[in-house]
Amino acid sequence: MSSVISLTDIRRVFIMGDQQFEALKGVSFDIASGEFVAIMGASGSGKSTCMNILGCLDLPTSGRYLLDGIDVGGISTDQLADIRNKKLGFVFQGFNLLARTAAIENVELPLVYAGFHSKERRQQALLAMEQVGLAGKENNHPSQLSGGQQQRVAIARALVNNPAVILADEPTGNLDSSTTEEIMGLFTALNRQGITIIMVTHEHDVAAYAGRQITFKDGRIISDSQTGRTV
Amino acid sequence: MDFLQTLKIALRALRTNKMRSFLTMLGIIIGIAAVIAMMAVGTGASYVISQQIASIGSNIILVVPGSTTSGGLRTGSGGAQTLSSDDSKAIMTECPSVAYAAGTVRTSGQIVSGNMNWSSVVMGGTPELFEIREWPVVSGRPISQEDENGAVKVCLLGQTVAENLFGSADPVGNIIRIKKIPFTVIGILDRKGQSPQGQDQDDAVFVPLRTAQRNLVRSQRTGIVSAIIVKAKSEEQIDKAESEIQALLTQRHRISNVKEPDFSTRNLSEILAVAEKSSKAMSLLLGAVASISLIVGGIGIMNIMLVSVTERTREIGIRMAIGAKKNDILLQFMTEAVLLTMLGGLIGIALGAGGATAVSRMLDWPTMISFQSIAIAFVFSGAVGIFFGFYPAKKAAGLNPIDALRYE
Ligand SMILES: Nc1ncnc2c1ncn2[C@@H]1O[C@H](COP(=O)(O)OP(=O)(O)O)[C@@H](O)[C@H]1O
Ligand SMILES: [Mg+2]
């Protein structure tokens, strides 16, 4: 199986004044297209740092990162923006939707920056809204939606540009248990359609939805296991 | 990202904080409104002035008596009786740059027609006067050389006099009495309007010079004129004509001390130049006021844009994570700033134009709103937005997406 993500000896050193802190101490793994991976670990173990690098929001201090065959090291910030726009979809713990902006317009946003025309944008956004089960809520503003619904809008936004990978950093961290189940059900369904998903969580029952669990500790991977459930 | 979308986002941002947007625009609104209103009033005023100066006639030089010393007493300028009809004729025949010269006398008196009477200015002048002042008759006939030579008691009426003595009836052929002396009305002059000094030029009666000298004014000698009005052959020849007149009169009046002539000349183009200069100074002042208010307004906009960038750090982070490039963010905030100033500019233009119109209605003062001033105001308000919006927009575009996303 071809790997959509390939990390080789990734290190990330933060420099604060005269202090240095190595948040990632040589991380390597490959993720194949169509996988559903949960990244686990205690708080401060480097999960988010790793996700930021995977999401092309941050660059590693050293090591090699191949995304869909492209070496992400040493390319311009505008090219990184382009990769985020075309190859990646983000789902955040705090939803991160634009306030006072209709759900459908939030979903359209990646297509706006990709330069699609308004008609095409609307069409694809409606499709994504339908996929996450929010048909009919297109014109609601985030404040008029429940937490679960807001996260669905965020997932629709992550989906709309047909990304190679969806990255979700603690997507259920702000949700109650029944809503968590709904969202995880949605992720599972999307994964069954062939979308690669990488999700950070520190809850075992959430991680259990994934087919593979990678566990971090102090900036290193301490376990990487298939849980038997493969697509 | 297409421009329409950028515009939409900017409009939404402005609408979210309506009151704040309005207050931010206020500086620009007031600045632009003041400039538009003052320019309108200023242009109106200078139009009126140039109109009035043109009404006197073009390329005109006025020769008036100067002060004379007689027995140790100096009379004021214009009070002496040093100019004569012969001087006027000499100027016309001997000065090569002069087209026409006309001697004039001026008095005022009661004018009676039947049971109507009207007090007005009475001017005596040779027929050339009407050529010089480019002042045709609209009915009847002008004063002829025969009228002048024969000191015939005929007169031309200005429109105001005609209206007050005859109403809508035709005065031509009627007899009127000027200072109790009967004159035949031979024509009505065209309407002239106000002089630069604000006098109604149509409130006057004109008679041949010699008729006036003999019947209407008293003087020490015969043939005295109170002023000679001269027309140069062209605008370029005004200065030359003036020095020719000075040389001629100095010689004719046997003036030994050139510094103390008994006459003086005034060039109407000089008055025009002064008027032009003061209107230029006025626009310079307006420009200063405008730039100060626009700078103050611009600083206000920069301030609010910086606040807006800080408030929307998270939004900027989201947009960047989703694929916005530096330029997309830069453009978004620039558009917002320019929209703010242009909107302020538009409101200012409307307010200024409205204010100017109101002033012209209430005070009966002419105003002119030129397309140019509107275009300049509009472009300037846009430029202020670009200039003062750039720094905040640059700051927004330079944010690191991770930090921006984490911003609380
Ligand atoms: N921008 C930064 N500057 C300095 N230290 C950082 C920065 N980001 C993360 N760290 C540190 O790196 C470590 C890993 O952080 P993170 O990846 O956020 O952990 P988590 O696994 O909880 O997501 C933490 O000790 C954190 O303090
Ligand atoms: Mg984290």
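This is a predicted model: local features need pLDDT of at least 70, side-chain atom pairs count only at pLDDT 80 or more; totals for chains, interfaces and linings use all residues.
We can start with the site itself. Ligand 1 is surrounded by residues from chains A and B, so the site is shared between chains. The shell holds 13 residues, and those that come nearest are A:Gly44, A:Gly46, A:Lys47, A:Ser48 and A:Thr49. By residue class, the shell is made up of six polar, five nonpolar and two charged residues.

A polar backbone atom of A:Gly44 lies 2.7 Å from an oxygen atom of ligand 1, and a polar backbone atom of A:Lys47 is 2.9 Å from an oxygen atom of ligand 1. With A:Ser48 the side chain takes part: one of its polar atoms is 2.7 Å from an oxygen atom of the ligand. As for cover, ligand 1 taken alone exposes 560 Å², of which the protein buries 69%.

In chain A, β1 (3-16), β2 (19-32) and α1 (47-54) are the elements that give two or more residues to the shell around ligand 1. Of these, α1(A) provides the largest share, with three residues.

Turning to the domain layout, chain B is divided into two parts: domain 1 covers 3-52 + 274-406, and domain 2 covers 81-261. Taken over C-alpha atoms, the centres of domain 1 of chain B and domain 2 of chain B are separated by 56 Å.

Key: Residues are numbered from 1 along each chain as its sequence is written. Chains are lettered from A and ligands numbered from 1 in the order in which they are written. Side-chain values use heavy atoms; hydrogens and water are left out. A residue is near a molecule or strand if one of its heavy atoms lies within 4 Å of it. A polar contact is a pair of N or O atoms within 3.5 Å; within protein, one must be able to donate a hydrogen and the other to accept it, and residues adjacent in sequence count only if both atoms are side-chain atoms. Accessible areas come from the Shrake-Rupley method with a 1.4 Å probe; for residues, only the protein chains shown count as cover. Helices (H or I, at least four residues) and strands (E, at least two) are DSSP runs, numbered from the N terminus. Ala, Val, Leu, Ile, Met, Phe, Trp, Tyr, Cys and Pro count as nonpolar, Asp, Glu, Lys and Arg as charged, and the others, Gly among them, as polar. Domain bounds come from an automatic or database domain assignment.
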